[in-house]
Amino acid sequence: MPLLSLSRVCFDYGREKLLRDVTLDVEPGEKVALAGMNGSGKSTLLRLIEGTLLPDAGERHIQRRARVVSLPQETAAEGEGTLLRWVGGARSDLDAVRTELGALQARLERGEELDAETLHAYGDLQHRFETLGGYEHESTVEAALHGLGFTNEDFEKPVRVLSGGERRRAALAAVLVQGGDLLLLDEPTNHLDLDALEWLQGFVNQSPSAMLIVSHDRYFLDHTVSSVWHLSRSTLMRWSGNYSKFVRDYESWVSQEEAAYNRQQHEIRKTEDFIRRNIAGQKTKQAQSRRKRLDKLDRLEKPREERSRFKLRLRTAKRGGNVVLRARGLTQRFGERTLFADLDLDITRGNKVGIIGPNGSGKTTLLQILAGRTAPDVGSIKLGSEIDLGYFDQELDFVGDAPALTEEIWRVDQSLREEDVRTLLGAFGFGEDFADRPVRALSGGQRSRLGLLKLVMMRHNFLVLDEPTNHLDLDSVELLEEGLRHFEGTLLLVSHDRLLLSRAVDTLLVLTAGRARLFHGGYEEYIESLHGRPLWSEIAAFESERRRQQERREPQTATLPPAEDAGRRSDGGSPPRAAPVSKNALARLRKNLDATEDGIVSLEVDLEEIEAALAKSAGLEAHEIASLSRQHAAKKKELEARYESWNTLTEQVETMSHALQEQGRRKRKR
């Protein structure tokens, strides 16, 4: 039985027909992507599904007691209180029970005697609290906040002091911890770094809730949804499979529809020609018969191409030298923290390098340094011969103030025909109504798209791009990706688009915990190299190693080899080696880790037994209930300490295992 369904739903905004006879079913636990051009009605459909908007016609059915939780696109945390309390308070039903339970528990702990009716109510509250998942709620909230990039220090920050991106992430965490039967997520990946994206992806896949997702993150959709709903021309079509499969199937379907339309148009022209030549001749009856058939013909509508077939070709004005960029000894600090130190990097012609790392690791700072926009604290940068660098960021200082967008494009290339200019604009999301619009009338996101279009037209042989896919729709992102894949020049970029990092780059520069290293391959290959571990586990291992180095007072450097030879330093020296570790030491660590895990399991069992007893406390004396409550608090505190020990031991095991693998590789090479 569907969790929710819409049947022949219609909705208009004035004269505009937005949705026509939309019928859909959402099954329990199903993960669906909602796709369509901007303005196709995605947000309206989400509101109809949520029930906050009533249709002009049709019906909405939802299972009894099913909860729908929504994350609109621009939702952000607002109000008073700390981050932890604000997100935890999203469960208003749980918060009310917790408040009542806390008041009664405080009376018991003060030694007050409660009458039988109050004790019975206390038992009922305990049972309800357990049923609602109250005992796990705090840890669930903390896990969600950690997964979305917040630290323990952030938990006690007032919501009002958080940045816009942090408040958006807090709102997402609040929606996720509510555990509704159906979650409506509009652009949930906005403001997330790669680590948070990986965490959210795992959360969606493991969640029992059904989800309807609108997102421009193709990698996220490819790894979470099992079907795609495509809104086009006021109607909804369902496609099985992930987003990439939808793209292939949709293009094939459009080709088939075009072929059928063209065949019918050919037959219509032949029939009309026969009628015209024979309506007054000997074959009048045949002509009249064909005219009747033509009048009754169910004519196919010409398919409207919703996905651009324009191909972006990025060309260079000059070839440039083989050495594009050489960096030596780059060090950059932010206050007390070192973003990266002693960083050496050689980029050669044709290299395509992506810089990745968690928020705050220094990606944009490094990009600005390499592009010559910012000076490093220590170190030097040198561009090669005949290198023409084009830099894209969100400041867009090369976007002008032309009276029309077509004029702004002609300022770059006067040889383009007007038809070509309009095609270019359309490929970057500027339809016919934008062509004659003044540049000053564009929004920030629209100026960003125009700036990217201008940059790729300038024929630089070295492109340095900071988040180039921001503000682009899915079609424009794919257009840009295709252009960068076939770009003959050199590319250096920072991006959170994991498909772009998988398909358009051949090398990753990974910044984590003040260290930097090269990985030869794209993002998907990098994830595979981690043996399925999430990125945060590698970051934790780097953090652990950094702390150990600081304790030994060892200097920390990060020397990157040239792209052609990851095994040697460019100055001829050998890369630094970590201190040797032993298998016996690793075995002892793993033994301690196993013992800690056993202790955690034992404590969790004890807690479950205490919670079960509290949930059935109607038959207990007041002092027995108070004793159980004290035991519960003590066991929970002990469990938290064991979890901290487990995290520390896990980091140590991962770091030592990685070091042993490196030792083994060096021995095999010798």
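Here is a quick briefing on the predicted model shown above, from overall confidence down to single residues. The chain has 670 residues, of which 48% count as buried (under 20% relative accessible area; exposed is over 50% and partly exposed in between, with a 1.4 Å probe and protein chains only). Its secondary structure comes to 21 helices and 18 strands, taken as DSSP runs numbered from the N terminus (helices H or I, at least four residues; strands E, at least two). Contacts are heavy atoms within 4.5 Å, and residues 24 or more positions apart make up 70% of the chain's contacts with a separation of 6 or more.

**Ground rules**

- Residues are numbered from 1 along each chain as its sequence is written, and side-chain values use heavy atoms, with hydrogens and water left out.
- Since the model is predicted, local features need pLDDT of at least 70 and side-chain atom pairs count only at pLDDT 80 or more, while totals for chains, interfaces and linings use all residues.

**Confidence**

- The chain averages a pLDDT (the predictor's confidence in each residue, from 0 to 100) of 82, and 86% of the residues score at least 70.

**The six-stranded sheet**

- Six strands make an open sheet with mixed pairing, in the order β14-β15-β16-β12-β17-β18; two strands pair if DSSP finds at least two bridges between them.
- At the edges sit β14 (389–392) and β18 (515–520), each pairing on one side only.
- Neighbouring strands here are turned by 15° against each other on average, direction ignored; axes are lines fitted to C-alpha atoms (for helices over the stretch in contact), and angles run from 0 to 180 degrees between N-to-C directions.
- Strands β15 (residues 462–466) and β16 (residues 490–494) run parallel and are joined by five bridges, and Asp466 stands opposite Val494 in β16.
- Helix α15 (residues 444–457) lies across β14 and β15, running at about 170° to β14.

**Helix α12**

- The buried residues of α12 (residues 363–370) are Lys363, Leu366, Leu367, Ile369 and Leu370.
- Seen down the axis of α12, these buried residues fall within an arc of 160° (from the directions of the helix axis to the C-beta atoms), so they line one face of the helix.
- Just after α12, Gly372 takes a positive phi of about 80°.

**Asn278 in α10**

- Asn278 belongs to helix α10 (residues 243–278) and counts as buried at 13% relative accessibility.
- A polar atom of the Asn278 side chain lies 2.9 Å from the backbone oxygen of Phe274.
- Leaving out residues up to four places away in sequence, Asn278 touches Lys283, Thr284 and Ala287.

Technical notes. A polar contact is a pair of N or O atoms within 3.5 Å; within protein, one must be able to donate a hydrogen and the other to accept it, and residues adjacent in sequence count only if both atoms are side-chain atoms.
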